[in-house]
Structure formats: C-alpha cells, structure tokens
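Notebook open, structure loaded. I'm jotting down what I look up as I go.

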Amino acid sequence: MGRLILSDSQQTKHRRYRNGAFRRFQEVTLTHLQSIASNYNLSYNIDARFWSLAQESRAIALAVNQSQAAVQGDLGHLKTWMQKTWRRSRKVDSRLRALSAALSQRSKQCTRERKKQEAQRAALSGLALDVRALQDMLARLTPLVQSQGARLAALKGQLQVAGPGTTAPGLTPAQPGPPSPSSPKPQGDRQALRTLPEPGGRPQDFAGHLPGTREPPDPGSQRAWPPERLGEICNMSPVLIFPNASTENVVFLSPSFLSGLQALSVCSWVRMASGHLGTLLSYATEENDNKLVLHGRDSLVPGSIHFVIGAPAFRELSLQPLLDGQWHHVCIIWTSILGRYWLHRDRRLVATGSHFREGYEIPPGGSLVLGQEQDSVGSGFDSSEAFVGSMAGLAIWDRALVPGKVSNLATGKELPTGAILTLANATSVGRFVQRVNCTCPELCP
C-alpha cells in the first residue's frame, strides 16, 4: 500500500490542527492540575483544621474532667459538712426538746410547790386562829381562876381566925399523911403556888423538850468526810494521757457492752489540762450515736457535763472543781428503776435525781470510745469536743454501786468486783495518747 502524500497546504493545516489540539490538551491538563492542586490544598487545610479541633476538644475534655473532679470534691465536702450540720442540728433539736421537757417538769414542780406552800399558809392561818381562840379561852378562864384564888384566901383567913382544931363550914380537916411528891412544900405558914401563864403570852413549843425527840437534820447538809492525803490513794495503774485536742487522740474499749444495761456505774480518776470539759466517754450504735455520752463541750454552764442516755434525754451535772488541774475521782451511777442517778465527786455525793430514762435499757453491740464524741459508729470525731488531760483507774459496772463502795474506790482501799470494762480493755490507743504505768497520783506525769 502506498504512502499518502499530502500537499503543503494540507500539511500546514494538519500541523496547525495538531498544534491547536495539543494546546487545548495542555490547557485542559493545566486546568485539571490546577483543580487537583486546589483540592489538595483544601484537603490539607481541612486535615490541619481537624487536627487543631481534635487538640482543642482533648483540651476541653481534660478541662471538663478536671472541673468535674473539682466539683465532685466540693460536693463531697459539702455533703460531709451538711451531714455534720444535720447531725448537730438534730442534737441541738433533741437537747432543746429535752430542755423543754425539763422546763415543763420544773414548771409542774414549781406549781406543786406553790400549791404546797399555799396549803401550808392556809394551815398556818388556821393554826393562828386556833391560837387566838386558845388565848381568848385563857383570857376568860383567868378571872375565874383569880376568883377561886380569892375564895381560897378567904377560907384560909377564916381557918386562921377559928384557930387550931376548928374547921370552916363546909370543910373537912385534912388528915395527916405522907406528903405526895406533887404536893406543894410549906414555906412558913404559906404554900408556894404555881403561877399561871399570862393570857397574852406565846405558847411554848413543848415538842423540842419531849424525851425521844430531836431536831430534824438539814436536808441540804452533807456528811463532811476528812480529805485523804494524795499519797495514800493508789491502785490507779494504768494512766492514759491525752496531750492535745487532736481527733486521733481516741481510745477504743473492746469488747463493748455484751448485753443490755438497765443500770451502770462509771468511775474514774480524772485530771483536766484545759479550761473546759471535753468528752470523757461516748457509746454509739447504728440506731443512735448518743446512746451513752459524758460530754462537756455543749454544756450551757461552764464546768458542767451532759450525762446522756439514749439522746435526746440528758441531765446536766456540775463538775466545776475538776477545772483546777488536780486529780479528782468521779463516779456517775444510773439505774432504770425510777430513773435514779447519782454523781459522786471525791467520794462526796454532789448531785442526785430521778425519772431519768426510767425503765430504759442501753442496748449492746455498739462502739465505746474514750476522749472523743462519735457522730457515727467509730468515727465522726471533732477536735472541739476532745478530752485533754489524764484518765486513770476507769471502770464500768453493770449495777449501781452503793456509797460505801464508791468511798472505798475513791480512797484506793477496794476495787468492787464484777467490773465489765476497765482500761485493760483498751484495744486501740490513738496516735498521741500516752499510756503510763504508775500506782499513785503523785507519781503520775
């Protein structure tokens, strides 16, 4: 097949056509490449933007997590503070109710005493009327007695005029005989006659002169015991020293009460090292964190202690002498029979009362601590409620000790048997609490 030969004009046209097509191809290619480059730049910018947004989102998420953690911590603190505030407000409410009940009881007692005083005044008024009636009767009898005396004097004169051996009309001569012990003794020719009391005189109180009678004792008087010398009082080991108000200064006694208590006696030697009374003892259960408390922090009167059994019931007891920084023996006794309680300080009975948790039973199985007040079982301590000082010879009985046993215990003569808890039951001693073995107070640090 032969080769196609084009003319010059055709070849020129063909070259022009090819050149135009190539230029169009170049333009299309360039446009396409420019579009590709533009799309690549856009994609790169999008990736960079996405990377920046991812970093910003991670930073925001980290900040949100930190904020959530801080908010959770603040909420936890706020919840704890609200729980403490609620517990304290509950205690305040319960104590206010107890105070209201005590004031109501006191008001009833004052009303009874006022009625009793009014009855006594009425009785005194009736007695005064009786005395006046007796005085009027004596006033009426006095002239009769005087007239009888005048008649006797006249008869005696007639006898003297008639002479010996004669008798006045209507009189029988007295037969001689032994004089009776009650007859008046002759003084010359006269007899000593007993004078009658004056009509207006005060009636004598014969009760004070009757045999077998005596003045009643003063109800407010107390038997004065001679003080013991400090060196004679021993048998106190061990001694627990609470040096400061740290919440870690707490002593746990275990086991606590193994059975319910309808009576108890808590006795201990105490020496205060601060200007206020802290918590000596706290017994808490899941039902109530104030089943048994000896607490001085919230007392209305400085130097007093709240004796709590099954809050909100409590009694306020005065222990002001304990603030002198010296050793003192304290014994608090309670029984559910008639709700009687007694406070002995240095073997002297300084307070007593009744109708306090009458018929109540302190339940077993709780947490018993010394030196701190529990807001929950085994925890919830507050430094403002801490005991600062020394404690020795603490013991608890499930019965009411009689005064003789308390006196022997306070003088170191005898430890009553049957104590259910002592300091030997201290299973956990706080960080700063010191346990020292010393026998007598003068040897204790």
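Ground rules first. I'm working on a predicted model, where local features need pLDDT of at least 70, side-chain atom pairs count only at pLDDT 80 or more, and totals for chains, interfaces and linings use all residues. Numbering runs from 1 along each chain as its sequence is written, and side-chain values use heavy atoms, with hydrogens and water left out.

Entry 1, arginine 87. I found arginine 87 in helix α1, residues 8–162 (helices are DSSP runs of H or I, at least four residues; strands are E, at least two; both numbered from the N terminus). Arginine 87 is buried (under 20% relative accessible area, 1.4 Å probe, protein chains only). I see no salt bridge for arginine 87 (that would take a side-chain nitrogen of Lys or Arg within 4 Å of a carboxyl oxygen of Asp or Glu). Aspartate 375, the nearest side chain of opposite charge, sits 4.3 Å away. Skipping residues up to four places away in sequence, arginine 87 touches Asp289 and Asp375 (contact is heavy atoms within 4.5 Å).

Which residues of α2 (403–410) are buried? I get Val406, Ser407, Leu409 and Ala410. Down the axis of α2 they fall within an arc of 165°, so they line one face of the helix (arc of the directions from the helix axis to the C-beta atoms). They pack against β5, β10, β11 and β14. Just after α2, I noted glycine 412 with a positive phi of about 75°.

Note on methods:
Buried < 20%, exposed > 50% of the residue type's maximum accessible area, 1.4 Å probe, protein only. Lys, Arg positive; Asp, Glu negative; His and termini not counted.
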